Amino acid sequence: MVEVAAERPDLLAVPVAEALREVPGHEDVGVAAIDAELADTAAFCEAYGVPLGASANCVVVAAKRGGVERLAACVVLATTRADVNGVVRRLLDARKVSFAPMEQAVESSGMAYGGITPVGLPKEWPVLIDAAVAAAPELVVGSGIRGSKLFISGAALAGLPGVEVIEGLGR
């Protein structure tokens, strides 16, 4: 059952609950409890009958140049993969971009692996969102924990602080 996310902070990671009020139309953002064992996108979509195209993944990447590393997030539809070595590397002006190690992504985001979401990420992180995500009327994304999912519009995600909408980010 989908409930109003702002009324269920117990179903959200702390940084997500705190950032929710910054989400454009936050009163329309829903949350639903799920089986934490089914948090990974493919398992979730199969178990709950959600099409992959109605789900988005948020991945944390580590961009490196000149010995300096910075983290960023990429949000793409579950039917695509982020173009990390092309589009992301160029946008972040990095020599090398790779997926951040799980421990680093969890510690730096304050969210659970498999539940990381663009809502509530550190303000200094670039957040790159594929144009197809931004155009979606409603998507299922992580809630910061493995035991629930957010239901949110692409427009709301695109309106988050620090977000840049990128054509062709997902391939």
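Ala131 lies in helix H5, which spans residues 131–135; helices (H or I, at least four residues) and strands (E, at least two) are DSSP runs, numbered from the N terminus. The structure is a predicted model, in which local features need pLDDT of at least 70 and side-chain atom pairs count only at pLDDT 80 or more, while totals for chains, interfaces and linings use all residues. Residues are numbered from 1 along each chain as its sequence is written, and side-chain values use heavy atoms, with hydrogens and water left out.

Ala131 counts as buried because its relative accessibility is 18%, where buried means under 20% relative accessible area, exposed over 50% and partly exposed in between (1.4 Å probe, protein chains only). Neighbours within four places in sequence aside, Ala131 contacts Val165, Ile166 and Glu167, contact being heavy atoms within 4.5 Å.

In helix H3 (residues 84–91), the buried residues are Val84, Gly86, Val87 and Val88. Their cover includes strands S3 (56–65), S4 (68–77), S5 (96–99), S6 (127–130) and S9 (163–166). At the start of H3, a side-chain oxygen of Asp83 comes to within 3.1 Å of the backbone nitrogen of Gly86. Just after H3, Asp93 adopts a positive phi of about 50°.

S7 pairs with S8 (residues 148–152) in the antiparallel sense over 4 bridges; two strands pair if DSSP finds at least two bridges between them. Val140 is placed opposite Phe151 in S8.

Definitions and conventions. A polar contact is a pair of N or O atoms within 3.5 Å; within protein, one must be able to donate a hydrogen and the other to accept it, and residues adjacent in sequence count only if both atoms are side-chain atoms.
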